[in-house]
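The entries follow the order in which I looked things up.

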Amino acid sequence: EESMAKYIPYNCNQSMLLPIKLSQHLYEGSLQEAIHIIVEEKLDLAAFDNQYKNDDTGRPAIHPKALLKIILLAYSHGIVGSRRIEQACRNNIIFLALAGGITPDHSTIAAFIAAMNNQIMDLFLQVLLICEQMDLLGGTHLALDGCKLPSNASKNWSATHKELKKRRGKLREKLKTLLNEHAKFDTQNLDPDLVRKAKLERQMKRIERQAKRIETFLEKEEPKTGKSKKEIQSNVTDNDSAKMPTSHGVIQGYNAQAMVDDKHQIIVHAEAMSDGQDSANLAPMAKASAHNLSRIGKGDQPLKNIKLTADCSYHNNKNIEFCEKQNIDAYIPDINFRKRDQRLNGQHRFKNGLNKPLKEGQRKTPKFQTDDFKYDPNSDTFTCPNGCTLSLETKRQKVRSDIFRTYRIKDDSCCSCPLRDKCLTGAKTRQRYVCVPLPKEEQKLNPSQRMQRKVDSAFGKLIYGLRMGCVEPVFGNIRHNKRLDRFTYRGKNKVDVQWKLFSILHNIEKIAHYGMA
C-alpha cells in the first residue's frame, strides 16, 4: 500500500480566546519600560488640560500621557511620520501596551505634537530634574555643538521678494500661453486631442496654484534681512528655515543645537535655530542652559567657572568676551589651532598620499626664510642674500591674530635680481617683504589671541580633547540610532518641539541605562 502524508489540521476561520495582559510586554530594564514609568508616574502633564474644553459636551480625548508615550517610543524606533506611528499603534504590541490598547489616528498625533509649544519646555525640565535627582549630571564640563538638518521645505522655493515677483510674472505669462493653446481646441472644427487637452488643464491648475501661493506669501510676509541689513532669501514653504551649507551640500533646514553635560552625556538644553552660523548660537544656548540648571536647583549662577568647550565654528571675539563676562571657563579654538599643534607636525605627509614623493616637475624651489636675512639693529634694517636693504615699512601690522613689524625693499631691484626664483613667490611679485612678529609682551592681546594661548596650553589641549567624547555621541545616537535625518514639521516652533522630544528621549534612555540601574 502507498503511504499517505499526515498533517495537523488548521482552519484560518477558527476563533480563539486569548487572555492578554499588555503590561507584561514591557520588559524590565528596557527603554519602553523607562518611558512608561517616567511618563506615567514621574511627569506632571496637568498643563495639557487647558487644551481640552470637553468636560460638559464633546467626545472624550485621548490622554496626553498615552500620546506622549506613543510618540517617544516611535522616535526611539526611528519612526517619525505620524501615519507610520498610527500604523505601529495598530500592529505593534509594544505600542498597544504603552497606550493601554488605544490606537490614535495620524491627525491626532500630528496635532498633539504641533500644539506642544507651550508645554515642551516644562516636560524637558521635568526630565532634566529626574536626571539631577539620580546624580547623572556632573556640573563641571559642558560641551556645545550643532547639527544642520533639512526641514520639510524645498530650497527651490527660496528667493528674495524681488525674485519671487519675477517668478510670479513668469508663471502668469506661462499661464496665458497655455490658455491660448487650450482655447484652440474650442475654435477648431476637428476632434481635439483629448489627452493633450487634459494635460494642459492639469498644467494650468498647477501653475495657477503656484502663482497664487507666491502672491499670498508676498502679501503676508515681509522681506527678511541678514546681519549686514541687506535682504536675504525667504522661503515660501517654511519661512523660518534657512539655506545652510553642510559637508554634503546646501540644505534648507535648521541648526539643531545641544548643550551636553560631560558625566553621562545628558542634554542640558536643546533648541532648533534658524541661523546656520554656529557662532550666533553660543550666547543664547549658554543663557538658556543657565536658566535650565537654575530651575532644577543648581544655584543662581550655575555656569560660573564651569568648563565650556565648543569647536572652532563658535570662535569669535564676541563669544569669547561673553564667556569672560559670565565667568565661564571656555575653550573655543580658532580654525588654525591644529596647525600650531606640535603633535601634528607630520600631517603634511598625508597631503599627497602617505610618504608619496613629489614628481620631478612638482618639486618647488626652496625659498629664502626670514633667518636668511641679516638684521642691523643700529639702522633697523635687513639685508637680503643679494645685498639689498629692506627698510621699515610698518611698525604694527596685524596679520590674522598676530602683530608684525614689516620691512620692504623700496626700489625695483628685485625685478632683475639673480636670486629672484629663490626669494619671491610669483612672477608678478615685484618686491620682497620680511615680517617679524612682535614679542608677545609687546602685543596687546585681543580676546581671540587670549583664547588661542589658552587652548594651545597643555591643560587646554587636555580639556578640549574631552569635547568629542562628550557631545558627538549624542548626535550620533539621535541621527544614526534614532534615525532623525530630517524634520517633518514646518515652522521654528514645531521643529523645536520635535528636536526637544528627541532630546527628552535621549535623556530618558540615559536614565534607563544609568539611573534606574
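Entry 1, a helix contact. I looked up where H10 and H11 touch, and found Asn317, Ile320, Glu321 and Glu324 in H10 meeting Pro447, Ser448, Arg450 and Met451 in H11. Contact here means heavy atoms within 4.5 Å. By class, the residues of this contact divide into three nonpolar, two polar and three charged. For the classes, Ala, Val, Leu, Ile, Met, Phe, Trp, Tyr, Cys and Pro count as nonpolar, Asp, Glu, Lys and Arg as charged, and the others, Gly among them, as polar.

I noted the basis of the model before going on: it is predicted, local features need pLDDT of at least 70, side-chain atom pairs count only at pLDDT 80 or more, and totals for chains, interfaces and linings use all residues. Residues are numbered from 1 along each chain as its sequence is written, and side-chain values use heavy atoms, with hydrogens and water left out. Helices (H or I, at least four residues) and strands (E, at least two) are DSSP runs, numbered from the N terminus.

Then I took the geometry of the pair. Helix H10 (residues 317-325) and helix H11 (residues 447-456) pack at an angle of about 70 degrees, and their axes are 8 Å apart. H10 is therefore roughly perpendicular to H11. Axes are lines fitted to C-alpha atoms, for helices over the stretch in contact, and angles run from 0 to 180 degrees between N-to-C directions. Angles under 35 degrees count as roughly parallel, over 145 as roughly antiparallel, 65 to 115 as roughly perpendicular and the rest as oblique.

Helix H1 (residues 31-42) packs on helix H2 (residues 64-76) at an angle of about 150 degrees, with the axes 10 Å apart. This pair is therefore roughly antiparallel. On the H1 side I listed Leu31, Gln32, Ile35, His36, Val39 and Glu40, and on the H2 side Lys65, Leu68, Lys69, Leu72, Leu73 and Ser76. Six of the contact residues are nonpolar, three polar and three charged.

How many of the 13 residues of S7 are buried? I found eleven, in a strand that spans residues 249-261. Buried means under 20% relative accessible area, exposed over 50%, and partly exposed in between (1.4 Å probe, protein chains only).

Next I followed the partners of S7; two strands pair if DSSP finds at least two bridges between them. Strand S1 (residues 141-150) runs antiparallel to S7, with nine bridges. Within that pairing, Cys147 stands opposite Ala256, and Asp145 has Ala258 as its bridge partner. Strand S6 (residues 242-246) is also antiparallel to S7, with five bridges, among them one between Ala242 and Gly253. A hairpin through two residues joins S6 to S7. S7 pairs with strand S8 (residues 267-273) over six bridges in the antiparallel sense, and Ala256 stands opposite Ala272 there. The S7-S8 hairpin has five residues between the strands, and Gln265 in its turn has a positive phi of about 60 degrees.

Entry 4, strand S1. Eight of the ten residues of S1 are buried, so the strand is largely enclosed by the rest of the structure. S1 also pairs in the parallel sense with strand S9 (residues 307-310), over four bridges. Leu144 has Ala310 as its partner in S9.

Entry 5, an open sheet. What is the order of its five strands? I read S11-S12-S13-S14-S15, with antiparallel pairing. S11 (374-376) and S15 (433-437) stand at the edges with a single partner strand each, so one side of each has no neighbour in the sheet. Neighbouring strands of this sheet are turned by 35 degrees against each other on average, direction ignored. Two bridges join S12 (residues 381-383) to S13 (residues 389-399), and Thr383 has Thr389 as its partner.

Most residues other than glycine have a negative phi. Asp380, in the loop between S11 and S12, has a positive phi of about 55 degrees. Is Asp380 buried or exposed? With a relative accessible area of 19%, Asp380 is buried. Asp135 has a positive phi near 60 degrees and is found in the loop between helix H6 (120-133) and S1.

Last, I checked Gly169 in helix H7 (residues 161-187). Gly169 counts as partly exposed, at 27% relative accessibility.
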